[in-house]
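Colleague: I'm new to this one. Can you walk me through it?

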Amino acid sequence: MHEVGLMTSAMETVLEQAQAHGARRVHRIVLRIGVLAGVDPASLRFAFEVVTRDTIAADADLDVDAVPASAYCAKCAKEFGVDHGYIVSCPRCGQLSGDLRRGRELELSRIEMS
Ligand SMILES: [Zn+2]
């Protein structure tokens, strides 16, 4: 389950940050996840429960910011929204593009702690 690996590495960063700031409690963790990143939200929440158990983040809330996917059309020099992740065609000119600009994000965007 790749959500566990993802959450484990996110939590390593969170705990490092908490330690660096002398925090005793982590209240909220916000992740930015692209809709094409292949992450299942339910599995992610489950992984979060597992990896935060017995840590200072045990009572923290997990928020997920879903990042919509978009690809770039070189011909129009514009981005357009897509709902799948391989070769997509521009809705303006029909040009095929494999240049996905957003939608595969997997990153820690915010940590709230005290
Ligand atoms: Zn175009």
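Modeller: We'll take a helix pair, then a sheet. Keep in mind that this is a predicted model.

Colleague: Fine. At what angle do helix 1 and helix 2 pack?

Modeller: About 45 degrees, with their axes 9 Å apart. Helix 1 covers residues 2-20, and helix 2 covers residues 41-52. That angle makes helix 1 oblique to helix 2.

Colleague: Is the crossing of helix 1 and helix 2 left-handed or right-handed?

Modeller: Helix 1 passes helix 2 in a right-handed crossing.

Colleague: Which residues make the contact?

Modeller: Helix 1 brings E3, V4, M7, T8 and M11. From helix 2 come S43, L44, A47, F48, V50, V51 and T52.

Colleague: And what does the contact have by class?

Modeller: Eight nonpolar residues, three polar and one charged.

Colleague: Now the sheet. In what order do the strands come?

Modeller: The order is 4-3-7. These three strands form an open sheet, and the pairing is antiparallel.

Colleague: What holds paired strands together in general?

Modeller: Strands of a sheet pair through backbone hydrogen bonds.

Colleague: Which strands stand at the edges here?

Modeller: Strand 4 (78-81) and strand 7 (100-102). Each has a single partner strand, so one side of each lacks a neighbour in the sheet.

Colleague: How many degrees does the twist average?

Modeller: It averages 40 degrees from one strand to the next.

Colleague: Let's look at strand 3. How many bridges join it to strand 4?

Modeller: Four bridges join strand 3 to strand 4, and the two run antiparallel.

Colleague: What do strand 3 and strand 4 form?

Modeller: A hairpin, with four residues between the strands. In the turn, A77 has a positive phi of about 55 degrees.

Colleague: And how many bridges join strand 3 to strand 7?

Modeller: Two bridges, with strand 3 (residues 70-73) and strand 7 running antiparallel. S70 has R102 as its bridge partner in strand 7. For A71, the partner in strand 7 is L100.

Colleague: Last one. Which side chains of strand 3 are buried?

Modeller: A71 and C73, which point to one face.

Methods. Residues are numbered from 1 along each chain as its sequence is written. This is a predicted model: local features need pLDDT of at least 70, side-chain atom pairs count only at pLDDT 80 or more; totals for chains, interfaces and linings use all residues. Axes are lines fitted to C-alpha atoms, for helices over the stretch in contact, and angles run from 0 to 180 degrees between N-to-C directions. Angles under 35 degrees count as roughly parallel, over 145 as roughly antiparallel, 65 to 115 as roughly perpendicular and the rest as oblique. A crossing is left-handed if the near helix is turned anticlockwise from the far one by less than a right angle, and right-handed if clockwise. Two residues are in contact if their C-beta atoms, placed from the backbone, lie within 7 Å. Ala, Val, Leu, Ile, Met, Phe, Trp, Tyr, Cys and Pro count as nonpolar, Asp, Glu, Lys and Arg as charged, and the others, Gly among them, as polar. Two strands pair if DSSP finds at least two bridges between them. A residue is buried if 20 or more other C-beta atoms lie within 10 Å of its own, exposed if 12 or fewer, and partly exposed in between; C-beta atoms are placed from the backbone.
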